[in-house]
Amino acid sequence: MMSSETRTIRVTINGRAFGRTIETNLLLSDFIRHEVELTGTHVGCEHGVCGACTILFEGKPARSCLMLAVQADGARIETIESLADGERLHPLQTAFAENHGLQCGYCTPGILMTMKAYLAETPRPTEAQVREALSGNLCRCTGYQQIVEAVLQAAALMRGERP
Amino acid sequence: MKPPPFAYRDPTTLDDALALLADDAEARPLAGGQSLMPMLNFRLVRPSTVVDLNRISALAGIAVDRGGATIGAMTRQVDALRAPVLAEQWPLIRMALEHVGHLQTRNRGTIGGSLAHNDPAAELPAVMLALDARMTVQRAKGARTISAQEFFVSSLTTAIVAGELLTAIHLPSPPPGAGMGFAELARRHGDFALAAAAIVVSRAGAGHARVVVTGMGDGPQRIPAAEAALLNGRFGEAAIAEAGAAASAAVSPIDDLHAPAWYRRKIAGVMAARAARDAIGRMAG
């Protein structure tokens, strides 16, 4: 059995730099949860299907279970912990709470990080566009209806409208 | 669900990557990771060395000249989807990429990675076959160019051999006035196709038709009888129906848990006819 190599990496997560020596076969999702101990990023299927582990890698949504931590050396990452501003919730969080956009909450961090990037690019989406943008995130509780309503309301809030 | 141990290298030049691949037949190149990473997590593959291509910036990018387009193998799917230069002459790329995975996977997934993996239900291999694409494959000492027809061998198998790396995809300029169409049936948006069809047609010269169907179990397949039907029937409604029937007759689908073979055969024809009608509608002249 081959033993793993190690490498020292430096990653900026939510604006803070973290240096760690890690095994090169460590997944980025495990690095975030176990090494940096930011456990808001959830791990569901661990093969790129469920979307629970979605983070922003250089500003773009990506599945952290499909990346090696070593690939993030020098990169900028945002996780769900960066969404609220202290006690002040992000409009996505407010809208999800008000619309009952979650039940067990396991899929929620991945959905919110995906939608944060999506709404920044598409501030005025249609319902059909929201459903397509959500297609890479599985939720087994809600049936998606309240999630779609929450995203549409968050988009309105972020445009400065009060729906 | 964790990758096995491996040596990890992340070269910044193509030459260094090719040297690493030349030295070690068990090394695997890592592109966007949207197929190889799940296979590593399941330990379906145990490479000695992972050669990460993500730091080789020269492998990404799209260049268009009079002869056609060259797409670097490490071009992200999202960048190809949004490239105006591709949308203008090769709208088939955009049409198909909208069906490839989800926005998270397209941000990482690459054009070359998808082609080299050659999943039998993937959209991009079918598109490259319909566009008469040619693949440049490099090794430490030399390069060769392979037609799409020869490149896609069978399910998960391409003409790439150990030590070689797919570095670029060349799209010839489409025939004048070409129309392109794509149709797919999948259980959920972003899933692999139960059946999909990619079609290019043109009235220029003696006429041009490419009909490619995928999702049948063995990868993309050109359907010469459907192409002949479209050309002989002058792209009329009867010709479209005949092309669909020819596609259904030509495929050899398999039964699996997603769909029985008879259903796949039927929708192969439906998708071919639907994509043909779409392509013909977009054709000039």
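Residues are numbered from 1 along each chain as its sequence is written, while chains are lettered from A and ligands numbered from 1 in the order in which they are written. Because the model is predicted, local features need pLDDT of at least 70 and side-chain atom pairs count only at pLDDT 80 or more, but totals for chains, interfaces and linings use all residues.

**Domains**

Domain bounds come from an automatic or database domain assignment. Chain A is divided into domain 1 (6–80) and domain 2 (91–158). Chain B has domain 1 (7–52), domain 2 (68–172) and domain 3 (179–282).

| Domain pair | Distance between C-alpha centres |
|---|---|
| Domain 1 of chain A and domain 2 of chain A | 22 Å |
| Domain 1 of chain B and domain 3 of chain B | 35 Å |

In chain A, 15 residues of domain 1 are in contact with 11 residues of domain 2. Contact here means that the C-beta atoms of two residues, placed from the backbone, lie within 7 Å. On the domain 1 side, strand E3 (54–57) and strand E4 of chain A each supply at least two residues. E3(A) gives the most, with 3 residues. Strands (E, at least two residues) and helices (H or I, at least four) are DSSP runs, numbered from the N terminus. By class, that side of domain 1 has 7 nonpolar, 7 polar and 1 charged residues. Ala, Val, Leu, Ile, Met, Phe, Trp, Tyr, Cys and Pro count as nonpolar, Asp, Glu, Lys and Arg as charged, and the others, Gly among them, as polar.

**Between the chains**

27 residues of chain A are in contact with 25 residues of chain B. On the chain A side, strand E4 (60–63), helix H3 (108–121) and helix H4 (127–133) give two or more residues each. E4(A) gives the most, with 4 residues. That side of chain A has 10 nonpolar, 12 polar and 5 charged residues.

**A sheet in chain B**

Four strands of chain B form an open sheet in the order E11-E12-E13-E14, with antiparallel pairing. Two strands pair if DSSP finds at least two bridges between them. Strand E11 (179–185) and strand E14 (221–222) stand at the edges, each with a single partner strand, so one side of each has no neighbour in the sheet. Helix H10 of chain B packs on the sheet and touches E12, E13 and E14; its direction makes about 145 degrees with that of E13(B).

E11(B) is joined by 7 bridges to strand E12 (residues 195–202), and the two run antiparallel. B:Leu185 stands opposite B:Ala195 in E12(B). B:Gly179 has B:Val201 of E12(B) as its bridge partner. Another 7 bridges join E12(B) to E13(B), again antiparallel. Here B:Ala197 stands opposite B:Val213. The hairpin of E12(B) and E13(B) has 5 residues between the strands, and B:Gly205 takes a positive phi near 55 degrees there.

E12(B) is largely enclosed by the rest of the structure, because 8 of its 8 residues are buried. A residue is buried if 20 or more other C-beta atoms lie within 10 Å of its own, exposed if 12 or fewer, and partly exposed in between. B:Ala195, B:Ala197, B:Ile199 and B:Val201 point one way from E12(B), and B:Ala196, B:Ala198, B:Val200 and B:Ser202 point the other way.

**B:Val211**

B:Val211 sits in strand E13 (residues 208–214) of chain B. B:Val211 is buried, because 32 other C-beta atoms lie within 10 Å. Not counting residues up to four places away in sequence, B:Val211 touches residues including B:Ala197 and B:Ile199, as well as B:Ala226 and B:Ala243. B:Leu103 is 108 residues from B:Val211 in sequence and 28 Å away in space, C-alpha to C-alpha.

**A helix pair**

Two packed helices are described by the angle between their axes and the distance between the axes. The axes of helix H10 (residues 224–232) and helix H11 (residues 237–250) of chain B come within 8 Å and cross at roughly 170 degrees. Axes are lines fitted to C-alpha atoms, for helices over the stretch in contact, and angles run from 0 to 180 degrees between N-to-C directions. H10(B) and H11(B) are therefore roughly antiparallel. Angles over 145 degrees count as roughly antiparallel, under 35 as roughly parallel, 65 to 115 as roughly perpendicular and the rest as oblique. Residues of the contact include B:Ala226 of H10(B) and B:Ala243 of H11(B). The contact divides into 9 nonpolar, no polar and 1 charged residues.
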